[in-house]
Amino acid sequence: MFLINCPYCGERDQAEFSCGGEAHIARPKNPPDLTDDQWAEYLFIRKNDKGLHYERWNHAFGCRQWFNLARNTATDEILAVYKMGDKPPKLYANVPITPSGEPDIGSGNLSTSKKK
Amino acid sequence: MKRLQNNKNIEKNKIINFYFDGKKYQGYKGDTLASALLANKIHLVGRSFKYHRPRGIVSAGSEEPNGIVQLETREYTEPNRRVTEIQIYEGLKAFSQNNWPFLNFDLGAINDLLSPFFPAGFYYKTFMWPPKFWKTYEFFIRHAAGLGKSPKKDDPHKYEHFHYHCDLLVVGSGISGLYTAEIAAKNNLKVLLIEQENEFGGEILSSHGDNPKINNIPINIWKNDIINKLKGYSNVKIISNTTCFAYFHYNLLLAIQDLEPEKGLSKTHEIRQRIWKIRSKKVVLATGAIERPIIFNNNDRPGIMLANSARKYLNKYGVSVGQNLLFFTNNDSAYETAIDFFHKGLNVQAIVDVRNETNGHFTKIAKDLGITILNGYEIVNTIGRLRVQEVKLKKLHTNNIDENKSSITIKCDTICVSGGWTPTVHLFTQSKGKLKYRDLDGSFIPERAFQNTLCVGSCNGDYDLHKILESIPSNLNNFLDLKGSKLSNEENYKTDKVLNDNHKNIWITSKQKISKTKMFVDFQNDVTAKDIKLALKEGFQSIEHVKRYTTTGMATDQGKTSNVNALGIISELTNTDISELGTTTFRLPYTPVTFGALAGRHVKEFFDLERTTPMHDWHVNNNAMFEDVGQWKRAWYYPKKNENFSSALNREVKATRDSLGILDASTLGKIDIQGRDVSEFLNRIYTNAWSKLEIGKCRYGVMLGDDGMVIDDGVTTRLGEYHYLMSTTTGNAASVMSKLEDWLQTEWPELEVYLTSVTEQYGTISLNGPNSRKLIEKINSDFDFSKNNFPHMSYKNINLCGIDCRVMRISFTGELCYEINVPSVYAKYLWDICIDKGQEYNITPYGTEAMHVLRAEKGFIIVGQETDGSVTPVDLDMDWIVSKKKFDFVGKRALNRSDTIKKDRKQLVGLKTKDPKIILEEGAQLVEKITTLPMKMVGHVTSSYYSPNLNSSFALALIKGGLEKKGEKLFAPMQNETIEVEITDPVFIDPQNTRINQ
C-alpha cells in the first residue's frame with residue numbers, strides 16, 4: 001500500500017486514490033485532421049514501461065483532484081508527485097537492464113539469487 | 001502437572017481444567033496448551049498429513065509444525081491451531097487432527113507402510129488417466145486431504161481494524177527489541193513495541209533467568225526493569241499477543257492482536273481480535289531466530305524436539321519434556337539446555353555433537369559436570385512408535401554405513417535437537433530487503449534494506465550478546481538520526497555472556513541412504529529428503545519448483561523449520577552453493593490469520609454501503625420486492641395478495657399506460673453544473689449541441705467515450721444562464737461525475753465549470769400516464785399545467801403543498817409525465833400526498849421492472865443493457881443526436897474510424913416472436929438459418945418482456961446490419977426449441993409521440 005503525498009491534502013493511504021493510467025497523453029486539438037492510426041495511437045497505445053513511469057492519479061475519496069505521479073513500476077517507489085499542467089520532472093529510477101530483468105533491490109520475489 | 005520450580009510465568013494457585021480428545025487434564029494459568037500437555041506427559045498430539053505417523057510437539061512457538069489441533073466445537077471451532085500458541089483457559093476443548101478412530105490407533109497409518117507407493121507428485125502422476133475419472137478420484141482425495149475441519153456456522157465473534165501511526169515500530173521484545181525501544185523512548189520518539197507472545201522478553205524467557213547478566217543484573221530482572229520503564233513513557237505503547245504478519249510498501253505493517261486469549265473462544269463476547277494497520281516512519285525488526293532441526297532417519301517421533309524449545313518449557317513453564325534426555329547438536333546452544341536440565345536433576349544421557357572438537361565455554365562446563373559428550377557422532381535411526389525410546393548413533397565419516405555395525409544404541413525418551421539457527425527474516429524480505437547467504441552458519445541474513453528498516457539482534461544473524469549490546473546504540477544513532485545527543489552512559493549495557501563456539505553446517509545425516517529412509521524435512525506436509533531427491537532426479541531444478549512439486553514449506557507453518565534444511569539438502573545433492581539456489585519467497589502472512597480479522601467490521605450489513613431513497617419506508621410498508629442497482633435498493637415490483645411476479649408486473653404496466661403510475665426515481669444521478677463555460681462544456685461532452693438550449697428547457701444527451709462508444713445518457717435541464725442540472729443513469733452516477741472532473745481538471749482547465757453531486761439532496765417522484773396532469777393539477781390548482789404553458793421537455797419551478805419543487809416534463813415511458821424533484825426531506829411527504837390524491841385515478845406505484853417494460857415498449861434504451869461498451873449512437877439508430885456541425889466532442893473522431901462506419905455493425909432493432917406467448921431469453925443468440933454447429937450468429941437479444949398493452953411478447957436486439965433488415969426472419973436456437981422471430985422497429989407504442997406530447 002503506497003503512501004501518496006497528494007499535492008492538495010498531504011500524505012494519505014493509497015486506498016483513498018484511484019489510478020488513471022499513463023500521464024502526459026494530451027487529447028489532440030485537431031481530431032478531424034488525424035488518420036485512424038494516429039487517433040488509435042492516442043486512444044489505445046500506452047507504454048506499459050517497467051521502470052520509470054509517469055501516471056495520473058485521482059484523490060477520489062478525498063479532494064477529488066487529479067495530479068501526476070512518477071513511479072518506478074519495478075519497485076513501486078514513488079519518485080515524484082506534481083500537479084496537473086506541471087512539466088514532468090527529470091528523474092532517475094533504478095530500472096531493470098532487460099525487459100525481463102529485475103532491479104538489484106526492491107523488486108520481485110528473488111531476495112537472494114545471484115543468477116542473471 | 002508436576003512442575004520443577006517456582007516459576008513466575010505460571011500461577012500455581014490458579015488451576016485450570018481443560019480437555020484434550022475428550023479427556024480432562026489440569027494446567028496452571030499462564031500455561032500454553034503445549035506446556036500443559038507436556039506437563040501431563042503428553043507428547044503425542046496428532047497424526048501426520050500423508051502417512052498418519054504419530055507426531056509430538058516440536059517447538060514452543062509460532063514455528064510449530066506438528067502440534068496443531070482442532071480447538072473448540074460448533075460455531076467456535078477452529079482448525080489447525082498451534083498448541084504452542086493457545087493459552088489455556090477453563091474448559092478449553094482441543095482435539096487431535098487427522099486420525100481415525102483414535103489418536104493412539106489410527107487406521108490411516110496404513111499409509112505409512114504403503115509409503116513407497118506415495119512418492120512426491122503421487123497425485124499428479126496417479127490420477128491423470130482416464131481424464132474423465134477425475135471427478136471420481138476427487139471425491140476420495142478431498143476426503144483424505146486436509147488436517148482440521150472448518151466451522152460450518154457463522155463466526156460469532158467480532159473483529160476490528162485499527163490504524164496506528166508512529167515514528168518507530170519495534171517488532172519483537174527480546175533483548176534487542178527492548179533495548180531499541182528504550183533508546184527510542186528516551187529520544188522522545190513515538191514508539192510502538194509489539195510482541196507475538198503473551199509475555200515480553202523473547203529469548204530471555206527460555207533462559208535460566210539468572211544468566212547471563214547485563215550490567216551485573218540478572219537478565220530476568222534487567223528485562224522487568226526495562227519493561228516497567230517503557231510502560232512509564234507516554235510516547236511508548238507496548239502490546240503483547242500481537243503478531244506482525246505482513247510488511248508492505250511505505251512501512252505499512254499489519255499485525256493481529258488477540259485481545260482476550262485467556263478467556264477462550266466461546267467466552268469472548270466483545271472484540272476477539274484486532275488488526276493493526278501500522279504506518280511507521282521507521283521500523284526495527286527484532287524478530288529473533290528460529291532453531292533448526294537436523295534431518296535424520298525417523299526424526300519425527302514424538303519426544304524429538306528442538307533443544308531451545310525444551311529449554312523454554314523448562315525455564316518458562318517449569319515443565320520437563322522428559323526424564324531421559326539425549327541431545328543432538330552441531331552448535332553450542334544445545335549445551336546450555338543440557339546444562340539447565342542437568343541442574344534440575346534430570347538424566348542427560350549424552351550430548352551427541354557432529355563436531356569432532358568443541359572447546360566452547362558451555363562444552364567445558366558440560367564436561368566438568370560429567371555429561372557424556374559424543375563428538376563426531378550422528379544419529380542414524382530412532383526407535384519407538386508413539387514415543388521415541390531408543391536412538392542409534394554412528395561415528396561420522398566412517399565408511400561402514402550399516403547402522404547395525406559400529407554403532408551405539410542409547411535409550412532415551414526425548415531427543416533435543418539443535419541444527420543451528422535461522423534468522424526470522426520473513427518481514428524483512430516482505431519489505432523487499434535483500435538477503436545474503438552466510439556459509440559460516442548456513443544462514444540467510446539481511447544484507448540491504450529496501451525501506452526504512454533496520455534488523456537487530458539474531459534477526460540480523462547476530463548471536464553474540466556482547467556485539468549486540470555494543471552495536472545497537474551506534475546503529476540506532478545512524479538509523480534514527482539521533483546525533484548521539486541523548487544516549488547516556490547507562491545505556492551502554494555490558495554482559496558477562498560468553499561467546500559460543502563455532503557451528504558446523506550439517507543438513508542431513510547418512511545422506512547415502514536417503515532413498516531407504518524416512519528423513520522428514522517438512523513435518524506438517526510429510527515431505528522427506530527422499531521426495532526432494534526424487535524431484536531433483538525428475539528434473540526439477542529451481543527451488544520454487546521443487547517446493548511446489550514436493551510441497552515442502554507449503555503447509556500452514558510455511559516451512560519455518562524446514563525451508564533452510566530443504567535448501568541445504570538440495571545444495572548437497574546437486575553440489576550447488578546455497579547462495580546460488582536462493583530462497584523461496586517468504587509470503588505473508590507470517591502466521592495464519594483468521595478470515596474474521598481480515599474482514600473486520602465489513603460483514604453482513606456493513607459489507608457494502610446500502611443506499612435507500614427518502615421513500616424507502618413506504619416501499620417496505622407496501623410490500624415492495626427490492627432489487628439492487630449499484631448500492632441502491634430500488635423497488636422492483638409491488639405484489640398484492642395472490643399476485644406473482646408476472647401478474648403484479650402486468651398490472652403495474654397496464655395501469656400506468658391506462659391511467660396513472662408513480663415511480664420513485666430518486667436514485668438517478670443528479671449533477672448540478674454551474675459556471676461561465678457550462679454550455680461549452682456540455683457541447684464537448686455530449687454529442688448534440690447545447691449552446692442554444694433555452695433556459696427552462698430540457699434536452700436528452702448521449703455521452704461517449706473518446707472511442708465513440710456510449711457510456712451514459714440522460715436529460716439535462718438548463719436552470720439558468722450558467723446553471724444546468726444533469727441527470728445520469730443510477731449505476732453510472734459516480735463514474736460519470738469522476739469522468740467529468742477528469743476532463744475538466746486535466747484537458748480543459750481553462751473552462752470555468754463547477755460540478756456538485758446533488759443526487760441525495762433531491763427525491764424524485766415520477767408521475768406517468770394520461771391522468772398525471774389531472775393529479776398534479778389537483779395538488780396545485782393555481783398553476784397552469786396546460787401543454788402550451790408547460791410542454792414536453794421543459795422545466796418549471798412549482799410550489800407543491802408549500803414545497804418548492806423542480807418539475808420537469810420528461811418521460812421515460814412515452815406517457816404524459818411529470819418528474820418532480822423535491823428536497824429529500826419532503827419527498828416522502830409529497831409522495832404520500834400523490835398516493836392519496838391519486839386514488840381516484842387508480843394511482844399505481846410501479847417498480848423498476850415495470851419501468852423497464854414501459855421504456856422498452858417505447859424503444860428507449862438503457863445504457864448497460866442495450867449497450868455494452870461496443871455500441872455507438874449510430875448503432876442505436878440515434879444518428880439524429882450526433883451533431884454534424886460541431887468541430888469536436890468527446891467521441892466524434894472515433895465515429896469515423898473504419899470499424900465504426902463499417903456496414904454490418906450490430907444495430908438496435910425490435911423483435912417479435914412468431915408465437916406471441918413465447919418470451920425470448922435476454923442474451924439469446926440469433927441466426928439467419930439453422931445449420932450444423934457452429935452456426936453463424938448475427939446478433940443477440942438485449943431486452944425481452946411480455947407487454948400487457950400489446951398482448952404479446954416483444955424484445956430489443958442488436959443485429960448485424962439490422963436497420964436494413966426490418967421485416968426479415970431470424971431464429972433463436974435454444975436448448976430445447978428453435979424460436980422464430982421477426983425484425984421490427986424498436987418502437988412498439990405510439991411511434992408518432994402523441995401521448996408524450998399531450
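**Close-up views of chains A and B**

**View 1. The contact between chain A and chain B in the predicted model.** In this predicted model, 29 residues of chain A are in contact with 34 residues of chain B. Helix H1 (36-44) and strand S4 (52-58) of chain A each supply at least two residues of the side that touches chain B, and H1(A) gives the most to that side of chain A, with 3 residues. Sorted by class, the side of chain A that touches chain B has 13 nonpolar, 9 polar and 7 charged residues.

**View 2. The open sheet of 4 strands in chain A.** The strands of this sheet follow the order S3-S4-S5-S6 (chain A), and their pairing is antiparallel. Strand S3 (18-22) and strand S6 (77-83) of chain A stand at the edges, where each has a single partner strand, so one side of each is left without a neighbour in the sheet. Direction ignored, neighbouring strands of this sheet are turned by 35° against each other on average.

**View 3. The pairing of S4(A) with S5(A).** S4(A) and strand S5 (residues 66-72) of chain A pair in the antiparallel sense over 7 bridges. Within this view, Glu55(A) stands opposite Leu69(A), a residue in S5(A).

**View 4. A helix of chain B packed on the sheet of chain A.** Helix H20 (residues 733-747) of chain B packs on the sheet and touches S3, S4 and S5 of chain A, while the direction of H20 of chain B makes about 85° with that of S5(A).

Notes
Residues numbered from 1 in each chain as written. Chains lettered and ligands numbered in written order. Predicted model: local features only at pLDDT ≥ 70, side-chain atom pairs only at ≥ 80, totals over all residues. Contact = placed C-beta atoms within 7 Å. Nonpolar A, V, L, I, M, F, W, Y, C, P; charged D, E, K, R; others polar. Pairing = 2+ DSSP bridges. Axes fitted to C-alpha atoms, helices over the stretch in contact; angles between N-to-C directions.
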